[in-house]
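Q: Hi! Could you walk me through this one?
A: Happy to, here it comes.

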Amino acid sequence: KVIGYAGILRRGDTSDVMTLTVAPDERRKGIARELLRRLIDWGRVQKSDAIMLEVRAGNDEATPLYQSFGFVEVSRRKDYYGPGLTAIVMRKDLRK
């Protein structure tokens, strides 16, 4: 049974979180936190300057997790997830 998965891609000096999801019945167990920690560690090993991601505006489960790791909002993309579904673009600096 797959309980979660995550993916990241390096482009130039920046890594982009492409996906991070946990099965609904497995949430609130620290799985997403561990997956995100591993993605950040990978970005550091790759010597990325920063990690970027998009999260749906109103995703009140994921946004606080990203903020707790130091991601900050840098912009928004209207209709990114479909009509009326805005993405919040977030960035974490790895040079510090």
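Q: Is E61 buried or exposed?
A: E61 is exposed, with a relative accessible area of 51%. Here buried means under 20% relative accessible area, exposed over 50%, and partly exposed in between (1.4 Å probe, protein chains only).

Q: Before I go on, what sort of model is this?
A: A predicted model: local features need pLDDT of at least 70 and side-chain atom pairs count only at pLDDT 80 or more, while totals for chains, interfaces and linings use all residues. Residues are numbered from 1 along each chain as its sequence is written, and side-chain values use heavy atoms, with hydrogens and water left out.

Q: Thanks! Which residue does E61 form a salt bridge with?
A: With R27, the closest N and O atoms being 3.8 Å apart. A salt bridge is a side-chain nitrogen of Lys or Arg within 4 Å of a carboxyl oxygen of Asp or Glu.

Q: And how exposed is R27?
A: R27 counts as partly exposed, at 35% relative accessibility.

Q: How many salt bridges does the structure hold?
A: It holds 11. Among them is E26 with K1, where the closest N and O atoms are 3.4 Å apart.

Q: Are those two buried or exposed?
A: E26 counts as buried at 14% relative accessibility, whereas K1 counts as exposed at 76%.

Q: New topic: what is the strand order in the sheet?
A: The open sheet of 5 strands runs β1-β2-β3-β5-β4, with mixed pairing. Strands are DSSP runs (E, at least two residues), numbered from the N terminus, and two strands pair if DSSP finds at least two bridges between them.

Technical notes:
Helices (H or I, at least four residues) and strands (E, at least two) are DSSP runs, numbered from the N terminus.
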